[in-house]
Amino acid sequence: MKIAKKKSWPKWPVFNKEDRLAVNRVIKSNNLVAWGNDKKLFPGEVKEFEKEFKKYIGAKYALGVGNATQGLHLAVTALNIGVGDEVIVSVYSFISTASCVLMQNAVPIFADIDETTLLISASEAEKKITKRTKAIIVTTLFGYPSDLSSLISISRKYNIPIIEDASHSHGASINGKKIGSFGLISVFSLNQRKVLPAGDGGIVLTNNRTIAKKIYRLRSFGEKELSYNYRLSEFAAAIVRGRLKKLDFDNALRHKNALFLDKLFKGFNYIKVRLPNKNSISSYYKLILECNFSTKKITINKFVKLMNKRGIPISKTYTPLHLHPHFNSKIEPARGYPWNWKIYSNKRKKHISYKNEKYPVAERLINKELLQLNIHPPVSQNEMKKVYNTIISIFKKINM
């Protein structure tokens, strides 16, 4: 007698014949590399994707890179941020949002988030501004668009540029304006897990011609100033060009799943689906569930374990960056930390410790209230029903 296998959660992305043909197209071209700044050797997939994506977002310039971390590093570098400079970063983000600052031997300055938007709090960011502040990096987490007007006002007030880390937010918009078109520079990830997958890759956008030209030089070895091997591959660009055509359709399916699950949970006191604000469209890189476990009968960690045992890929979100090992190393890295420099202290070495800093909003939400769920195509309403029914069965067993 055969034992039925437990049905696994649908994978993302699902590559198809069109994706395979795109790869074959590159092979047939006999041009596998986007060749730096030589226009004669750079007519291929990367250049075409840059044209298509900047039109989709509504930007003047687009530059493909190897991944979003490289893109963020180039953004910080293009703004001439260096030793002893400070960059304000949300404490609730992926490590790349802050590690790109370390790459320039500059100092990440963390700020707490706004509870309703999950964006870096404008008031908290303003408190952290000093004479050394050179930029603010704003992350639109999980593809949820949020009003950036308060942060833009601060940017203008202090003449501090905003870098958008839009790694999750391809196609997300506020009042018809796409995320990625608000800051001086924006960066998107094309990693396989993202809503616009290329395997690995990234793209940088800006409306500033001078910055675009500098990033164009910096992303390829051989320039007069220090430059990097940060190019997007022809293979990745070919794949992602096809995926871009389907992006709005895929995002609409994610949106449909979110609304369906939200409808199921109406009137349920312990779990709520987080939806975007009015006049906003989310890309739903992850669907965020808000938990209200006001009883001691279950913790968020126990709940995640119970869900995972039943085949639901639900998890907690990020570790707050001020607690991450990248920013609290027990040993000094070979090249030192940026705050070990004389420019930052009268002494030769001054170690800044983040771990004792407090960010109450982010810490509470991350540790006790927010969970993430994959709702990508081909996830359907059947999976959403499974999520709902599994949660209901768990809560019935613990008599809540």
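**Figure 1. Salt bridge between arginine 364 and glutamate 369.** Glutamate 369 has 22% relative accessibility and counts as partly exposed. Buried means under 20% relative accessible area, exposed means over 50%, and partly exposed lies in between (1.4 Å probe, protein chains only). Arginine 364 is also partly exposed, with a relative accessible area of 30%. Their side chains meet at 2.8 Å, N to O. A salt bridge here is a side-chain nitrogen of Lys or Arg within 4 Å of a carboxyl oxygen of Asp or Glu. Elsewhere, salt bridges with shared partners join Arg25, Glu45, Glu52 and Arg241 into one network. The model is predicted: local features need pLDDT of at least 70, side-chain atom pairs count only at pLDDT 80 or more, and totals for chains, interfaces and linings use all residues. Residues are numbered from 1 along each chain as its sequence is written, and side-chain values use heavy atoms, with hydrogens and water left out.

**Figure 2. Salt bridges of arginine 219 and arginine 217.** The whole structure holds 13 salt bridges. In one of them, the side chains of arginine 219 and glutamate 50 meet at 2.9 Å, N to O. This pair links distant parts of the chain, 169 residues apart. Arginine 219 is in the loop between helix H7 (209-218) and H8, and glutamate 50 is in helix H2 (residues 45-57). Helices (H or I, at least four residues) and strands (E, at least two) are DSSP runs, numbered from the N terminus. Arginine 219 is buried, at 2% relative accessibility. Glutamate 50 is buried too, at 8%. A further salt bridge joins glutamate 225 to arginine 217 at 3.3 Å, N to O. Here glutamate 225 is partly exposed at 32% relative accessibility. Arginine 217 is partly exposed, with a relative accessible area of 29%.

**Figure 3. Aromatic cluster that includes phenylalanine 265.** A pair of aromatic rings is described by the distance of the centres and the angle of the planes. Rings of Phe, Tyr and Trp (its six-membered ring) pair if their centres lie within 6.5 Å; planes under 30 degrees apart count as stacked, over 60 as edge-to-face and the rest as tilted. By this rule there are 20 aromatic pairs. The rings of phenylalanine 265 and phenylalanine 268 have centres 5.7 Å apart and planes at 45 degrees, so this pair is tilted. Both residues are buried. Phenylalanine 265 also pairs with tyrosine 388: the centres are 5.3 Å apart and the planes at 70 degrees, so this pair is edge-to-face. Phenylalanine 265 lies in the loop between helix H8 (234-264) and strand E10 (271-273), and tyrosine 388 lies in helix H11 (residues 381-397), so the pair ties together parts that are 123 residues apart in sequence. Phenylalanine 265 has 3% relative accessibility. Tyrosine 388 is partly exposed, with a relative accessible area of 23%. Ring pairs link Phe265, Phe268, Tyr270, Phe293, Phe303, Tyr388 and Phe395 into the cluster.

**Figure 4. Charges over the rings of phenylalanine 182 and tryptophan 12.** A charge sits over a ring if NZ of Lys or CZ of Arg is within 6 Å of the ring centre and within 35 degrees of the ring normal. Lysine 177 lies over the face of phenylalanine 182, 5.1 Å from the ring centre. Arginine 254 lies over the face of tryptophan 12, 4.7 Å from the ring centre.

**Figure 5. Open sheet of strands E7, E6 and E11.** The 3 strands stand in the order E7-E6-E11, with antiparallel pairing. Strand E7 (177-178) and strand E11 (280-281) are at the edges, each with a single partner strand, so one side of each is left without a neighbour in the sheet. Two strands pair if DSSP finds at least two bridges between them. Strand E6 (residues 173-174) is joined to E11 by 2 bridges. Isoleucine 174 is opposite serine 280 of E11.

**Figure 6. Parallel pairing of strands E4 and E5.** Strand E4 (residues 133-139) pairs with E5 over 4 bridges. Isoleucine 137 has isoleucine 163 of E5 as its bridge partner. In a regular strand the side chains alternate between the two faces of the sheet. From strand E5 (residues 162-165), Ile162 and Glu164 point one way, and Ile163 and Asp165 the other way. All four are buried.
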